[in-house]
Amino acid sequence: MSYRILCVEDNPEIGKLLTESLAAADYACDWVRDGEAALALLTSESAGVRYDLVMLDLMLPGVDGLDVCRRLRRHDSQTPVLMVTAKAAIRDVVVGLEIGADDYVTKPFAMPILLARVQALLRRGVRPAVNTDDGIVAAPPLGYGPLVIDIDQHRVTLEGKPVQLTGKEFALLSLFARHPGHSFTRGELLDRVWGEEFDGYDHTVNTHINRLRGKIETDPAKPRFIQTVWGVGYRFAGDEHP
């Protein structure tokens, strides 16, 4: 199976370099040069294209890369976003990650490093969907020891027993499980689960994390899955078992 990547880059030389390098690495790649064209492909149901990763420049004509990422995350928290930009200031990196980007590479970059980042994002992102006999597309469940998360069926089981989660608890858990080992700040979790327009506080995240731990952890005081990263936020720990 070939992963499909959308490359959003207004510089023709860089765009050509990226598409040729991705094709040489056996990725299918579409290239657009502005944010409006990217959003047309990413948010339109009539586009009929499903991307496994979006490679996004920040400085684009018209709608910039940050706005593309924000608008994508309003309805899609799953597709990995790799920002590739000349804006290398720490503040720019933090803003990009906080609004929903999964990784950030600054220009100029070494192509082997960029391809390694792409591979890492695809590996820890959503599994490639498979076609069932009736034509319905279903993603395989994510299994971490006794914990199994079926994103398509909105179902969680622990040691074979169903776990009843609220919508936000399930959204948090599925986000964590799709990015094992990745540390999320409370701000990132608020933006990606509640949405950037949510006028709330970090305590909202803490409350939901505590409730979620109470449902999936054997000992919530010593969590196996959702761990606190002091000074940062939370991360999901566990070896995946298909």
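Of the 242 residues of the chain, 43% count as buried, where buried means under 20% relative accessible area, exposed over 50%, and partly exposed in between (1.4 Å probe, protein chains only). The model is predicted: local features need pLDDT of at least 70, side-chain atom pairs count only at pLDDT 80 or more, and totals for chains, interfaces and linings use all residues. Residues are numbered from 1 along each chain as its sequence is written, and side-chain values use heavy atoms, with hydrogens and water left out.

The accessible surface of the chain comes to about 12400 Å². Carbon and sulfur atoms account for 50% of this surface. Areas come from the Shrake-Rupley method with a 1.4 Å probe; for residues, only the protein chains shown count as cover. The chain has eight helices and 14 strands. These elements are DSSP runs numbered from the N terminus (helices, H or I, at least four residues; strands, E, at least two). Contact means heavy atoms within 4.5 Å. Among contacts between residues at least 6 apart in sequence, 57% join residues at least 24 apart.

Strand pairing was examined next. Two strands pair if DSSP finds at least two bridges between them. Strands of a sheet pair through backbone hydrogen bonds, either parallel or antiparallel. Strand 4 (residues 81-85) and strand 5 (residues 103-106) pair in the parallel sense over four bridges. Within this pair, Met83 has Tyr104 of strand 5 as its bridge partner.

An open sheet of four strands has the order 8-9-10-11, with antiparallel pairing. Strand 8 (142-144) and strand 11 (161-162) stand at its edges. Each has a single partner strand, so one side of each is left without a neighbour in the sheet. Strand 8 pairs with strand 9 (residues 147-150) in the antiparallel sense over three bridges. Leu142 has Ile149 of strand 9 as its bridge partner.

Strand 14 (residues 233-236) takes part in two of the antiparallel pairings described here. With strand 12 (residues 183-185), strand 14 forms three bridges. With strand 13 (residues 226-229), strand 14 forms four bridges. Here the bridge partner of Gln227 is Arg235. Strand 13 and strand 14 make a hairpin with three residues between the strands. In this hairpin, Gly231 takes a positive phi near 85 degrees.

Individual residues were then considered. Met55 is found in strand 3 (residues 53-56). Met55 is buried, with a relative accessible area of 2%. Leaving aside neighbours within four places in sequence, Met55 is in contact with Ile5, Leu6, Cys7, Val8, Leu18, Leu22, Leu82, Val84, Leu114 and Val118. Met55 and Val118 are 63 residues apart in sequence, yet their C-alpha atoms are 8.7 Å apart in space.

Cys7 is buried as well, with a relative accessible area of 1%. A search of the whole structure finds zero disulfides, a disulfide being a pair of cysteine sulfur atoms within 2.5 Å. The sulfur of Cys7 has its closest cysteine sulfur in Cys29, at 5.1 Å, which is too far for a bond. Cys29 is accordingly in no disulfide. Cys29 is partly exposed, with a relative accessible area of 22%.

Thr19 lies in helix 1 (residues 12-24). Thr19 is buried at 16% relative accessible area. Not counting residues up to four places away in sequence, Thr19 touches Cys29 and Trp31. A polar atom of the Thr19 side chain lies 3.0 Å from the backbone oxygen of Gly15.

Gly35 belongs to helix 2 (residues 35-43). At 0% relative accessibility, Gly35 counts as buried. Beyond neighbours within four places in sequence, Gly35 is in contact with Leu60, Pro61, Val63 and Val68. Gly35 and Asp57 are 22 residues apart in sequence and 9.2 Å apart in space, C-alpha to C-alpha.

Technical notes:
A polar contact is a pair of N or O atoms within 3.5 Å; within protein, one must be able to donate a hydrogen and the other to accept it, and residues adjacent in sequence count only if both atoms are side-chain atoms.
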